[in-house]
Amino acid sequence: MISRIAASLALAAIVVQPALAAPMQCATSAEFHAGARFVMPILIDGASRKCQPALGNGSYLATKGPALSQRFAAMPGDDSSITALVGKLDPKGDLKGLDTAALKAFATVAVSKGMGDDLKPSICPTIDKVLALLDPMPAENTISLVEVILRKVDDDNVSKAAKTGKPAKRILCQES
């Protein structure tokens with residue numbers, strides 16, 4: 001459960017993927033960082049809205065969530081990495097040619113739907129605490145920390161799959 005939350009809070013692909021209904025290729029480190037910079041404000045704002053009834057007005061998300069979201073939104077982006085990531089998420093090309101603003105609108109809708117389906121009020125205190133603990137870190141360091149965690153999750157999934165003889169799909173490309 002924690003690995004799923006970490007993944008969905010850092011990589012748009014994990015939440016957006018079901019909406020595209022195609023198998024995802026692994027993301028490079030650069031694509032992951034670009035995707036995380038792109039989606040983190042959407043995820044933080046969505047978690048703030050979804051968790052507000054469960055957490056109240058005195059929570060971290062209510063009091064400092066908007067500033068954290070703005071720190072991620074203010075990070076310089078790399079449109080070429082976002083385009084490459086979208087190409088991997090959308091091999092049919094349904095999103096091809098959309099500019100960054102249109103992709104952000106699509107991601108906002110997809111993430112909101114994913115949060116509506118998956119984010120339960122019982123996990124809101126944990127999200128609130130984790131984001132409060134991560135708050136002092138620079139946004140780029142937070143993204144890098146999540147990348148380290150996802151690489152460990154990938155390695156564990158590959159190990160488990162090897163033991164059962166089932167194929168495993170990495171979220172992050174091993175050699176990136």
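Keep in mind that the model is predicted.

I'll start with the charged pairs. There are 5 salt bridges in the structure, and I will go through some of them.

Take helix α9, which runs over residues 139–164. Glutamate 147 and arginine 151 form a salt bridge there, with N and O 3.0 Å apart. The two sit about one helical turn from each other, because they are 4 residues apart in that helix. Are they buried or exposed? Both arginine 151 and glutamate 147 are buried.

Further along, lysine 152 pairs with aspartate 156, again as a salt bridge, and here the closest N and O atoms are 3.0 Å apart. The spacing is 4 residues within helix α9, so about one helical turn separates lysine 152 from aspartate 156. Aspartate 156 has 30% relative accessibility, so it counts as partly exposed.

Aspartate 155 meets arginine 170 through their side chains, at 3.0 Å from N to O. What does this pair tie together? Aspartate 155 is in helix α9 while arginine 170 is in the segment after α9, so the bridge links parts 15 residues apart in sequence. As for accessibility, aspartate 155 has a relative accessible area of 38% and is therefore partly exposed. Arginine 170 comes out at 18%; the cut-off for buried is under 20%, so arginine 170 counts as buried.

Now to the nonpolar side. The largest nonpolar core contains 37 residues, and Leu61, Phe72, Leu119 and Ile127 have the most contacts inside it. Which helices supply at least two residues each? They are α3, α4, α5, α6, α7, α8 and α9. Helix α3, residues 29–55, gives the largest share, with 11 residues.

Let me look at two of those residues, starting with phenylalanine 72. Phenylalanine 72 belongs to helix α5. Its relative accessibility is 2%, so phenylalanine 72 is counted as buried. Setting aside neighbours within four places in sequence, phenylalanine 72 is in contact with Arg37, Met40, Pro41, Ile44, Ala139, Thr142 and Ile143.

What does leucine 119 contact, leaving aside neighbours within four places in sequence? The partners are Ala47, Lys50, Cys51, Gly114 and Ile127. Ile127 is also listed with Leu119 among the residues with the most contacts inside the core.

Note on methods. Residues are numbered from 1 along each chain as its sequence is written. This is a predicted model: local features need pLDDT of at least 70, side-chain atom pairs count only at pLDDT 80 or more; totals for chains, interfaces and linings use all residues. Side-chain values use heavy atoms; hydrogens and water are left out. A salt bridge is a side-chain nitrogen of Lys or Arg within 4 Å of a carboxyl oxygen of Asp or Glu. Buried means under 20% relative accessible area, exposed over 50%, partly exposed in between (1.4 Å probe, protein chains only). A nonpolar core is a set of buried Ala, Val, Leu, Ile, Met, Phe, Trp, Tyr and Cys residues joined through side-chain atoms within 4.5 Å. Contact means heavy atoms within 4.5 Å.
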